[in-house]
Amino acid sequence: MENQLIENGELVVIKLSQLSELIGLKVKDAMFGALDEYNARKLSEKKPDERISQKEVCEILHKSISTLNRWEKEGYLIPAGRNGKTPYYYRSQIDNLGKLEVA
(Lines give C-alpha, C1' and ligand atoms only; values in the text may rest on other atoms or scores of the structure.)
Protein backbone atom coordinates (compact mmCIF):
# COMPACT_ATOMS: atom_id res chain seq x y z
CA MET A 1 0.00 0.00 0.00
CA GLU A 2 1.42 3.37 -0.99
CA ASN A 3 0.64 6.76 0.46
CA GLN A 4 1.19 10.04 -1.33
CA LEU A 5 2.32 13.35 0.10
CA ILE A 6 3.13 16.67 -1.41
CA GLU A 7 6.56 18.03 -0.56
CA ASN A 8 7.78 21.37 -1.92
CA GLY A 9 5.02 21.34 -4.49
CA GLU A 10 5.99 17.90 -5.78
CA LEU A 11 4.13 14.66 -5.32
CA VAL A 12 6.11 12.08 -3.33
CA VAL A 13 5.14 8.44 -3.14
CA ILE A 14 6.16 6.55 0.00
CA LYS A 15 5.14 3.19 1.36
CA LEU A 16 3.27 3.20 4.64
CA SER A 17 5.96 0.99 6.19
CA GLN A 18 8.65 3.51 5.18
CA LEU A 19 6.63 6.37 6.64
CA SER A 20 6.14 4.44 9.86
CA GLU A 21 9.88 3.69 10.04
CA LEU A 22 10.77 7.36 9.49
CA ILE A 23 8.36 8.48 12.20
CA GLY A 24 9.75 5.84 14.55
CA LEU A 25 13.31 7.04 13.93
CA LYS A 26 12.36 10.66 14.59
CA VAL A 27 10.56 9.73 17.81
CA LYS A 28 13.54 7.64 18.93
CA ASP A 29 15.95 10.53 18.18
CA ALA A 30 13.76 12.92 20.17
CA MET A 31 13.55 10.50 23.11
CA PHE A 32 17.30 9.91 23.22
CA GLY A 33 17.97 13.64 22.89
CA ALA A 34 15.69 14.35 25.84
CA LEU A 35 17.30 11.54 27.83
CA ASP A 36 20.79 12.90 27.12
CA GLU A 37 19.72 16.36 28.29
CA TYR A 38 18.18 14.90 31.44
CA ASN A 39 21.30 12.86 32.23
CA ALA A 40 23.58 15.86 31.65
CA ARG A 41 21.42 17.98 33.97
CA LYS A 42 21.42 15.27 36.65
CA LEU A 43 25.21 14.86 36.42
CA SER A 44 25.71 18.59 36.87
CA GLU A 45 23.54 18.46 40.01
CA LYS A 46 25.65 15.72 41.62
CA LYS A 47 27.68 16.67 44.67
CA PRO A 48 31.23 15.31 45.06
CA ASP A 49 30.55 13.90 48.54
CA GLU A 50 27.27 12.28 47.52
CA ARG A 51 27.02 8.61 48.47
CA ILE A 52 26.42 6.27 45.57
CA SER A 53 25.65 2.57 45.69
CA GLN A 54 27.76 -0.24 44.31
CA LYS A 55 25.12 -0.79 41.62
CA GLU A 56 25.33 2.87 40.55
CA VAL A 57 29.13 2.67 40.41
CA CYS A 58 28.84 -0.40 38.17
CA GLU A 59 26.51 1.51 35.84
CA ILE A 60 28.75 4.61 35.77
CA LEU A 61 31.95 2.66 35.10
CA HIS A 62 30.35 -0.07 32.95
CA LYS A 63 31.92 -2.71 35.21
CA SER A 64 30.54 -5.71 37.06
CA ILE A 65 30.20 -6.11 40.82
CA SER A 66 32.91 -8.78 40.72
CA THR A 67 35.29 -6.24 39.14
CA LEU A 68 34.55 -3.75 41.94
CA ASN A 69 35.14 -6.50 44.52
CA ARG A 70 38.47 -7.35 42.89
CA TRP A 71 39.46 -3.67 42.81
CA GLU A 72 38.67 -3.47 46.52
CA LYS A 73 40.94 -6.46 47.27
CA GLU A 74 43.70 -4.90 45.15
CA GLY A 75 43.29 -1.53 46.90
CA TYR A 76 42.33 0.27 43.70
CA LEU A 77 38.84 1.33 44.81
CA ILE A 78 38.06 1.08 48.51
CA PRO A 79 34.42 1.70 49.56
CA ALA A 80 33.84 4.79 51.69
CA GLY A 81 31.72 2.65 54.01
CA ARG A 82 29.08 -0.03 54.15
CA ASN A 83 25.37 -0.23 54.75
CA GLY A 84 25.28 -3.67 56.30
CA LYS A 85 27.27 -5.77 53.84
CA THR A 86 26.65 -3.47 50.87
CA PRO A 87 29.48 -1.05 50.09
CA TYR A 88 28.90 2.55 49.12
CA TYR A 89 31.23 5.08 47.55
CA TYR A 90 31.49 8.84 47.31
CA ARG A 91 31.01 10.40 43.92
CA SER A 92 34.40 12.12 44.24
CA GLN A 93 36.07 8.69 44.46
CA ILE A 94 34.52 7.66 41.17
CA ASP A 95 35.20 11.01 39.50
CA ASN A 96 38.88 10.77 40.54
CA LEU A 97 39.38 7.22 39.23
CA GLY A 98 40.32 8.48 35.79
CA LYS A 99 43.00 10.72 37.33
CA LEU A 100 44.83 7.84 39.00
CA GLU A 101 47.86 6.26 37.42
CA VAL A 102 47.79 2.50 37.33
CA ALA A 103 51.21 0.86 37.84
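**Entry 1**

I began with E50, which counts as partly exposed because its relative accessible area is 26%; here buried means under 20% relative accessible area, exposed over 50%, and partly exposed in between, with a 1.4 Å probe and protein chains only. I noted that this is a predicted model, in which local features need pLDDT of at least 70 and side-chain atom pairs count only at pLDDT 80 or more, while totals for chains, interfaces and linings use all residues. Residues are numbered from 1 along each chain as its sequence is written, and side-chain values use heavy atoms, with hydrogens and water left out.

Which residue forms a salt bridge with E50? I found R91, with the closest N and O atoms 3.4 Å apart; a salt bridge is a side-chain nitrogen of Lys or Arg within 4 Å of a carboxyl oxygen of Asp or Glu. The pair links distant parts of the chain, since R91 sits in helix α4 (residues 91-96) and E50 in the loop between α1 and β3 (51-53), 41 residues apart. I also looked up the cover on R91, and at 7% relative accessibility R91 counts as buried.

**Entry 2: the other salt bridges**

How many salt bridges does the rule give? The count comes to three. I reminded myself that side chains of opposite charge can pair when their charged atoms come close.

R70 forms a salt bridge with E74, and the closest N and O atoms of this pair are 3.6 Å apart. Both residues lie in helix α3 (residues 65-74), four residues apart, which is about one turn of the helix. R70 counts as partly exposed at 41% relative accessibility, whereas E74 is exposed, with a relative accessible area of 54%.

E72 forms a salt bridge with R82, where the closest N and O atoms are 2.6 Å apart. E72 lies in helix α3 and R82 in strand β4 (residues 81-83), so this pair ties together parts that are ten residues apart in sequence. E72 is partly exposed at 22% relative accessible area, and R82 is partly exposed at 40%.

**Entry 3: the chain as a whole**

I then stepped back to the elements, and I found four helices and five strands in the chain. From the N terminus on, they run β-β-α-β-α-α-β-β-α; helices (H or I, at least four residues) and strands (E, at least two) are DSSP runs, numbered from the N terminus.

Of the 103 residues of the chain, 17% count as buried. The accessible surface of the chain comes to about 8300 Å², and 54% of this belongs to carbon and sulfur atoms; accessible areas come from the Shrake-Rupley method with a 1.4 Å probe, and for residues only the protein chains shown count as cover. I also noted that, among the contacts with a separation of 6 or more, residues 24 or more positions apart account for 36%, where contact means heavy atoms within 4.5 Å.

**Entry 4: Q54**

Is Q54 buried or exposed? At 9% relative accessibility, Q54 counts as buried, and I placed Q54 in helix α2 (residues 54-61). Leaving aside its neighbours within four places in sequence, Q54 is in contact with I65, L68, N69, P87 and Y89. With N69 there is also a polar contact between the two side chains, at 3.3 Å; a polar contact is a pair of N or O atoms within 3.5 Å, and within protein one must be able to donate a hydrogen and the other to accept it, while residues adjacent in sequence count only if both atoms are side-chain atoms.

**Entry 5: aromatic pairs**

I counted two aromatic pairs by the rule. Rings of Phe, Tyr and Trp (its six-membered ring) pair if their centres lie within 6.5 Å, and planes under 30 degrees apart count as stacked, over 60 as edge-to-face and the rest as tilted. The rings of W71 and Y76 have centres 4.8 Å apart and planes at 80 degrees, so this pair is edge-to-face. W71 counts as buried at 13% relative accessibility, whereas Y76 counts as partly exposed at 28%. The rings of Y88 and Y90 have centres 6.2 Å apart and planes at 75 degrees, so this pair is edge-to-face. Y88 counts as buried at 10% relative accessibility, and Y90 is partly exposed at 29%.
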